[in-house]
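Please look at the sequence and the 3D structure shown here, and then follow the report below, which begins with strands, goes on to a helix and ends with a cavity.

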Amino acid sequence: LRQLLLQPPIKGKVALGLDPGYRMGCKTAVVDATGKVLDTAVVYPTFSKAKRAEAIETLRRLMDRYGVTHIALGNGTASRETEAMVCELLRQKHGAAYMIVSEAGASVYSASPLAAEEFPQYDVSLRSAVSIARRLQDPLAELVKIDPKAIGVGQYQHDMPRARLDETLAGVVENCVNTVGVDLNTASFSLLSHVAGINAAVAKNIVAWREENGLFSSRKQLQKVNKLGKKAYEQCAGFLRVPESADLLDNTAVHPESYDAAKALL
């Protein structure tokens, strides 16, 4: 689980997610640098030569239209055949690259209430392609939306007492999130709720404040968020990053309490 969560992100890139399949085709989604869905499609590269050529042309058009530079290919059913098609496509699209991405838990997320809330306009299968594209951009931010048990963290995981399993996996997720740190201006409600000191209600309030007032310009502004008290601020501040802040320390793991010491040391 820790290995999956701590994969290096490829942020700031427009990505094309491919969820391969035989009978139901290969589900496709284009997401921008912030993870917003730009376009979707379904292609059928395993049906026939004509369908394969049609699939390559459709993907090429999508890549041209949105400036796609990275392709995320799911490692599930029909992945090898779809990979061969992607290689053929990239011979025509120099400068683009692809990566095989773990599909673990993607179908569980696609059918979850959270995915339905995020993408009410998309079919379950297309949500899976969106998740795969976002996993390439920021694996940690995407995987925290899924129950860790659904990611398949061990062959005999369900032999453990359920309460202990849940507690241990939740601890690993929280540890990974806090080790990496979270961008306060781009993090989703799901990611924020795993930060130490922030519960689900406060995470929703942070997102609501951001939508109402715009981007955070400093860590201090967190204190204006409803229900985020002094104690919670002390707990969470060191794990939240604000790249847009004028104070460079707001984008580091240095806690506000240690700013004076850090500046004196510098």
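## Strand E2 and its two partners

In strand E3 (residues 37-43), Val 37 is the bridge partner of Val 31, and E2 and E3 run antiparallel, joined by 6 bridges. This is a predicted model, in which local features need pLDDT of at least 70 and side-chain atom pairs count only at pLDDT 80 or more, whereas totals for chains, interfaces and linings use all residues. Residues are numbered from 1 along each chain as its sequence is written, and side-chain values use heavy atoms, with hydrogens and water left out. Strands (E, at least two residues) and helices (H or I, at least four) are DSSP runs numbered from the N terminus, and two strands pair if DSSP finds at least two bridges between them. The hairpin of E2 and E3 has 5 residues between the strands, and Gly 35 takes a positive phi near 95° there.

E2 also pairs with strand E1 (residues 15-19), in the antiparallel sense and over 5 bridges, with Leu 18 standing opposite Thr 28. Between E1 and E2, which form a hairpin, lie 6 residues, and Gly 25 in the turn has a positive phi of about 80°.

## How enclosed is E2?

Because 6 of the 6 residues of strand E2 (residues 26-31) are buried, this strand is largely enclosed by the rest of the structure. Here buried means under 20% relative accessible area, with a 1.4 Å probe and protein chains only. Cys 26, Thr 28 and Val 30 point one way, while Lys 27, Ala 29 and Val 31 point the other way, and all are buried.

## Helix H8

Helix H8 (residues 162-180) has 19 residues, which at 1.5 Å a residue should span 27 Å, and this agrees with its end C-alpha atoms, which are 27 Å apart. The expected span is 1.5 Å times one less than the number of residues.

Among the buried residues of H8 are Leu 165, Leu 169 and Cys 176, and the buried residues of this helix pack against helix H1 (2-5), helix H7 (139-143), strand E6 (182-183) and helix H9 (189-192), where contact means heavy atoms within 4.5 Å. Just after H8, Gly 181 takes a positive phi of about 90°.

## The cavity

The structure holds 1 cavity of 30 Å³ or more, and the largest cavity has a volume of about 40 Å³. A cavity is a set of points on a 1 Å grid, over the protein atoms alone, where a 1.4 Å probe fits but cannot get out, and lining residues have an atom within 4 Å of a point. The volume is the space filled by probe spheres set on the points, which are joined across faces, edges and corners.

Leu 4, Gln 7, Val 101, Ser 102, Arg 135 and Leu 143 line the largest cavity.

Methods. Buried means under 20% relative accessible area, exposed over 50%, partly exposed in between (1.4 Å probe, protein chains only). On a 1 Å grid over the protein atoms alone, a cavity is a set of points where a 1.4 Å probe fits but cannot get out, and a pocket is an open set with protein on both sides within 12 Å along at least five of seven lines; lining residues have an atom within 4 Å of a point.
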